Amino acid sequence: MWTQLGEKKIAEYVRNQLQEDIAADQISLKEYVDPSTDDKNKNA
């Protein structure tokens, strides 16, 4: 019983961490623009 409960808690924690990581990545995404041409830098 305790093992199953622990596994469920760990799986829930991992899912939550992945969701938080995805949200943080989306927030931190930037569009890099060359100010001299206003072109987006494809390599950034």
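Confidence in each residue of a predicted model is expressed by the predictor as pLDDT, on a scale from 0 to 100. The present structure is such a predicted model, and its protein chain averages a pLDDT of 77, with 61% of the residues scoring at least 70. Among the elements of the chain, helix 1 has the highest mean pLDDT, at 87, whereas the lowest mean, 60, belongs to strand 2, which spans residues 39–40. Where pLDDT is low, the predicted coordinates should not be read in detail.

The protein chain contains one helix and two strands, and these elements follow one another in the order α-β-β from the N terminus on. Helix 1 covers residues 2–28.

The chain exposes about 4600 Å², of which 54% is supplied by carbon and sulfur atoms. On this surface, a nonpolar patch is formed by Ile10, Tyr13, Val14 and Leu18, which together contribute about 420 Å² of accessible area. Leu18, one of the residues of this patch, is located in helix 1 and has a relative accessible area of 49%. Because this value falls between the 20% below which a residue counts as buried and the 50% above which it counts as exposed, Leu18 is classed as partly exposed.

Notes. Residues numbered from 1 in each chain as written. Predicted model: local features only at pLDDT ≥ 70, side-chain atom pairs only at ≥ 80, totals over all residues. Heavy atoms only, no water. Patch = residues over 30% accessible without salt bridge, like charges linked within 9 Å, V, L, I, M, F, W, Y side chains within 5 Å. Areas by Shrake-Rupley, 256 points an atom, 1.4 Å probe, with all protein chains shown as cover. Salt bridge = Lys/Arg side-chain N within 4 Å of Asp/Glu carboxyl O. Helix = DSSP H or I, 4+ residues; strand = E, 2+ residues; numbered from the N terminus. Buried < 20%, exposed > 50% of the residue type's maximum accessible area, 1.4 Å probe, protein only.
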